Amino acid sequence: MKQDRGAAWLAQIVESSGDALYSADLRGRVTSWNRGAQALYGYSAKEIIGRPLALLWTPDERWKLPLVMQAARRGQAYRGQGKREDRRGRTLFVSASMFPIRDETGHVRGVSILSRDVSADHKRRQIERMFLALMEASPDAILALDERGRVSSWNRGAAELFGYSPERAIGKPISSLFPDLRARGARDRLLALARAPASARTLELRGRRKDGGSIDAEVVVFSWDDGGQQRHALIVRDVSVRKRAEEADRLRESERLQRDFVANVSHELRTPVAAIRGFAETLRRSGVDDPRTARRFAGIIEKHSIRLADLIEDLLDLSVIESGKRPPRKKTVSLDALLRRTVGGLAPLLRRNRQLVRVVSDPKLRVRVDESRIEQVLQNLLSNAIKFGGKRGRIGVTARRLGSQAAVTVSDSGPGIPAEALPHLFQRFNRASKRRPGGGTGLGLSIAKELVEGHGGRIWAESVRGKGAAFHFTLPLR
């Protein structure tokens, strides 16, 4: 009775097991089949019992089955992993253990089989092997980090780039390879990039080789989940050659700009200096008896001296802005009040030209700026609008909210600017006098551009020939 009860308990354990437990006779025919086997292979007990065991083996592995059964007849157990096929023809990777079943006399009468699905583990190992192969073959340096920010894997590209063998590199803190990451919190900020959008995961760092040499590196950060633990890795590309080429290009461009600048300054200075010198020499050598002629000569000398003073003043402004010797002194101001005060300061000039100005702005707009510098931008744009707007012209000044910025527009009703000239307006010595009557030093718009961009804004122009011009610039709101 106890034996029957024990057999029942055993049968209940086999049936309720989550693993596939089944048996076969020595002819290779299935003789028992539990629920775990049905869940794994898809066959019910009624469908599979009495059918060949080979039905569960994939065609390319069936040749192994006679060898396994032969070993079972000799009383030998079998353990291994291999491919099996379920009822729907899908390939499974299983871990299988096969044990001989003996009768009371000790003779082998069949085999019992325990199978477990390891397809997920198999795929993970395949992916790992593929990843390691790709990692090792990559010309870029690829290194993985542990949770403490220390190197946990190191490919051949990393060894060639930094000069450390894998044995010497693994365990090193990432800050020993990138000194910039020694700053407090720098490593955590780097790893946080792995959660950023793909386009933002790249940054440039200065790396250090084993021999003490430096590397200009482009670093891409990515992460993955490893069994609930977040892992990080870096792809490091040496861009030192590209950086040197870019620096050489910048130097050549800088030298070209300096040559052009000196040539332009020399050209711009030559005209007023020649005029002042010529008319002054005429007055000194021959004298001028006619008071009207003398006054005309003196007026010409004064006009060119004023132009010369304006040019020198603009050059000094540019020099101060570019040198950074006087950073913007920012404070929060009302943009509406700043616009109206600047327009009011130009009222005498507006009255003389009989020009009308209309200011439309949101009184609530407040910006954090260097007030004197933004006033200089407005004076420059308004002076151009007055100069090119023509007698009895109309000038518009508007300020509105544009997302997180304030947008200011200064427009005039003058002859406009040719479309081909618009991209060059903010270049130095690109005088509007070549396109519209008036003229100036050719530096005003360049200075305005430097000042606006120094505040984190941008400046641009729009125009339709014959319908005036509009200059826009933006400033960050408070």
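Two strands are said to pair if DSSP finds at least two bridges between them. The legends below describe close-up views of a predicted model.

**View 1. The protein chain as a whole, with 14 helices and 17 strands.** Of the 478 residues that make up the protein chain of this predicted model, 37% count as buried. When contacts with a separation of 6 or more are considered, residues 24 or more positions apart account for 55% of them. The protein chain exposes about 28,000 Å², and carbon and sulfur atoms supply 52% of that area.

**View 2. An open sheet of five strands in the order β2-β1-β5-β4-β3.** The pairing throughout this sheet is antiparallel, and its edges are formed by β2, residues 30–33, and β3, residues 78–85, each of which pairs on one side only. Neighbouring strands of the sheet are turned against each other by 30° on average, with direction ignored. Within the sheet, strand β1 (residues 20–25) and strand β5 (residues 108–117) run antiparallel and are joined by six bridges, and along this pairing S23 stands opposite S112 in β5. Helix α4, spanning residues 64–73, packs on the sheet and touches β1, β3, β4 (91–102) and β5. The direction of helix α4 makes about 130° with that of β5.

**View 3. The hairpin formed by β6 and β7.** Strand β6 (residues 141–145) and strand β7 (residues 151–154) run antiparallel and are joined by three bridges, with A144 standing opposite S153 in β7. Five residues lie between the two strands of the hairpin, and in the turn G149 has a positive phi of about 80°.

**View 4. Aromatic pairs, of which a search of the whole structure finds six.** The rings of W33 and Y41 form a tilted pair, with 5.8 Å from centre to centre and 40° between the planes. W33 has a relative accessible area of 8%, which is under the 20% limit, and therefore counts as buried; Y41 is likewise buried, with a relative accessible area of 0%. The rings of W154 and F162 form another tilted pair, with 5.7 Å between the centres and 45° between the planes. Here, too, both residues are buried, W154 with a relative accessible area of 7% and F162 with a relative accessibility of 1%. Ring pairs also link Y22, W33 and Y41 into a cluster.

**View 5. Charged side-chain ends placed over tryptophan rings, shown for R84 with W57 and for R458 with W460.** The charged end of R84 sits over the ring of W57, at 3.7 Å from the ring centre. In the other case, the charged end of R458 sits over the ring of W460, at 4.0 Å from the ring centre.

**View 6. An open sheet of five strands in the order β12-β14-β15-β17-β16.** The pairing in this sheet is mixed, and the edge strands are β12 and β16 (459–463), each of which pairs on one side only. The twist from one strand to the next averages 15°. Strand β14, covering residues 394–402, and strand β15, covering residues 405–412, pair in the antiparallel sense over eight bridges, and the bridge partner of T398 in β15 is T409. Helix α11 (residues 335–345) lies across β12, β14 and β15 and runs at about 170° to β12. Helix α13 (residues 371–389) also packs on the sheet, where it touches β14, β15 and β17 (469–476), and its direction makes about 25° with that of β15.

View 7. When its neighbours within four places in sequence are left aside, P363 is in contact with S334 and D336. The C-alpha atoms of P363 and A337 are separated by 7.8 Å, although the two residues are 26 residues apart along the chain.

Definitions and conventions
Residues are numbered from 1 along each chain as its sequence is written. This is a predicted model: local features need pLDDT of at least 70, side-chain atom pairs count only at pLDDT 80 or more; totals for chains, interfaces and linings use all residues. Side-chain values use heavy atoms; hydrogens and water are left out. Helices (H or I, at least four residues) and strands (E, at least two) are DSSP runs, numbered from the N terminus. Buried means under 20% relative accessible area, exposed over 50%, partly exposed in between (1.4 Å probe, protein chains only). Contact means heavy atoms within 4.5 Å. Accessible areas come from the Shrake-Rupley method with a 1.4 Å probe; for residues, only the protein chains shown count as cover. Rings of Phe, Tyr and Trp (its six-membered ring) pair if their centres lie within 6.5 Å; planes under 30 degrees apart count as stacked, over 60 as edge-to-face and the rest as tilted. A charge sits over a ring if NZ of Lys or CZ of Arg is within 6 Å of the ring centre and within 35 degrees of the ring normal. Axes are lines fitted to C-alpha atoms, for helices over the stretch in contact, and angles run from 0 to 180 degrees between N-to-C directions.
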